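Hello,

Here is the structure I promised to pass on to you. Have a look at it first, and then read on for what turned up in it.

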Amino acid sequence: MALDNIRLEVMKTVEKQVDGFIEKYLIPVEEIWQPTDLLPNLQKENYVDELTQIREEAKELEYDFWVVLVADMVTEEALPTYESWLMDMEGVKQHGKSRGEENAWSKWVRHWTGEENRHGDTLNKYLYLSGRVNMREIEKTTQYLISDGFDIGTGRDPYKNFVYTSFQELATNISHKRVGQLAKKKGNKMLGKMCNIIAGDEMRHYMAYREFVKTIFEHDPSEMMLAFHDMMKKKIVMPAQFIRESGQGIAEAFENFSNAAQRLGVYTTYDYIEILEKLNGYWEIDKMRSLTDEAEKARDYLMKLPDRMRRIAGRMAIPEDQHTFKWVEANGRL
């Protein structure tokens, strides 16, 4: 049987558990928090006091912080791209409910998207109310990021896509959590709470996607190992890899944003390495047997990769010069 057909059979097998994953790792719309719960309610009489609080607390946050918060928000706002990408995976069918044939995988993608959509909404509104950033420039960046497309090196392969989402959900959990901690240290309790709650969502999503991969390993260990190896050998690229400012070419803003994140300690090379170690450990790849020779070599590569990356990371220098972004330049430099 061709590999693509084997993957489809495995996806159909795992699909039987998807409704259970939705129930365990996602929260019904009527029960989950909404952006308005975390932001000033403009229908209340004291909304001016709450807006004043946001703007005063925002003054305490440094330049690199705003750069990272903006880029994190734009990354979340590019969600339409991520949904369309996952909907194109082998094994996902977009049948509507009216036909009574809704595919469980498409149901997962839609429900996951619904939860993720709240993150960009929340941070977007906060940034607008803070008065510390140039929203029009940010809006251009968001439109560019969606228009420029998305290529994470997975193709339509669900195995590779689930490795990617497992990795990225934990990476975004770390980033949002660290941004929240920095905000709280500066006395910004409102933003700190927002980021912490968003990070909690990302952790649930990470736990779900790593479970998808674990289940696939049970049914097709060698091919899942090869997919994991392929993704890590090429390196996991960030969803915002193509981010740019107005007047720039595609991807020109990413390195400067990444440098700001590393200077702040929000997301570093060492976090990347630790995520790989956690995935190796959770999937227990060191204990897997009955692999093909090629998959055995892939497993050995993955086990040795964290130490190899640490040696390289120790020789890397992070640029200290701040890039002046159009997003923050107008009234955000302190």
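Predicted model: local features only at pLDDT ≥ 70, side-chain atom pairs only at ≥ 80, totals over all residues.

Which residues do ring pairs link into a cluster? The members are F21, Y25, W105, W108, W112, F162, Y209 and F212. The chain has an average pLDDT of 92, and 95% of the residues score at least 70. One stretch to treat separately is residues 330-334, where pLDDT stays under 50. For that stretch the model has 15 contacts beyond four places in sequence.

**Aromatic rings**

Searching the whole structure gives 19 aromatic pairs. One of them joins W108 and Y209: the ring centres are 5.6 Å apart and the planes stand at 90°, so this pair is edge-to-face. The two residues come from distant parts of the chain, with W108 in helix α7 (residues 104-130) and Y209 in helix α10 (residues 189-219), 101 residues apart. W108 and Y209 are both buried.

W108 also pairs with F212, again edge-to-face, at 5.1 Å centre to centre and with 75° between the planes. This pair, too, links distant parts of the chain, since W108 belongs to helix α7 and F212 to helix α10, 104 residues apart. Like W108, F212 is buried.

**Charges over rings**

The charged end of R7 lies over the ring of Y159, 4.4 Å from the ring centre. In the other case, R118 has its charged end over the ring of W33, at 4.0 Å from the centre.

**Two packed helices**

How do α4 and α7 pack? Two packed helices are described by the angle between their axes and by the distance between those axes. Here, helix α4 (residues 47-58) meets α7 at an angle of about 85°, and the axes are 9 Å apart. That angle makes α4 roughly perpendicular to α7. On the α4 side, the contact is made by L51, I54, R55 and A58; on the α7 side, by Y126, L129 and S130.

Y206 lies in helix α10. With a relative accessible area of 4%, Y206 is buried. Apart from neighbours within four places in sequence, Y206 is in contact with S166, E169, L170, K278 and L279. One of these, S166, is 40 residues from Y206 in sequence, yet the two are 5.2 Å apart in space, C-alpha to C-alpha.

Where does S246 lie? S246 is in the loop between α11 and α12, and its relative accessible area of 9% makes it buried. Leaving out neighbours within four places in sequence, the contacts of S246 are E137, K140, Y144 and K326. The C-alpha atom of S246 is 8.9 Å from that of I138, although 108 residues separate them along the chain.

**Positive phi angles**

The loop between α11 (221-234) and α12 also holds K235. K235 is not a glycine, but its phi is positive, near 80°. Is K235 buried or exposed? At 56% relative accessibility, K235 counts as exposed.

E284 is another residue with a positive phi that is not a glycine; the value is about 50°. You will find E284 in the loop between α13 and α14 (293-313). At 36% relative accessibility, E284 counts as partly exposed.

S258 is in helix α12 and counts as partly exposed, at 24% relative accessibility. S258 and I32 are 226 residues apart along the chain, and 31 Å separates their C-alpha atoms.

G265 sits in the loop between α12 (254-264) and α13 (269-282). G265 is partly exposed as well, with a relative accessible area of 26%. From G265 to D293 there are 28 residues in sequence and 40 Å in space, C-alpha to C-alpha.

Happy exploring, and do write back with any questions.

Best wishes

Terms used
Residues numbered from 1 in each chain as written. Heavy atoms only, no water. pLDDT = per-residue confidence, 0-100. Contact = heavy atoms within 4.5 Å. Phe/Tyr/Trp six-rings, centres within 6.5 Å; stacked < 30°, edge-to-face > 60°. Helix = DSSP H or I, 4+ residues; strand = E, 2+ residues; numbered from the N terminus. Buried < 20%, exposed > 50% of the residue type's maximum accessible area, 1.4 Å probe, protein only. Lys NZ or Arg CZ within 6 Å of the ring centre and 35° of its normal. Axes fitted to C-alpha atoms, helices over the stretch in contact; angles between N-to-C directions. Parallel < 35°, antiparallel > 145°, perpendicular 65-115°, else oblique.
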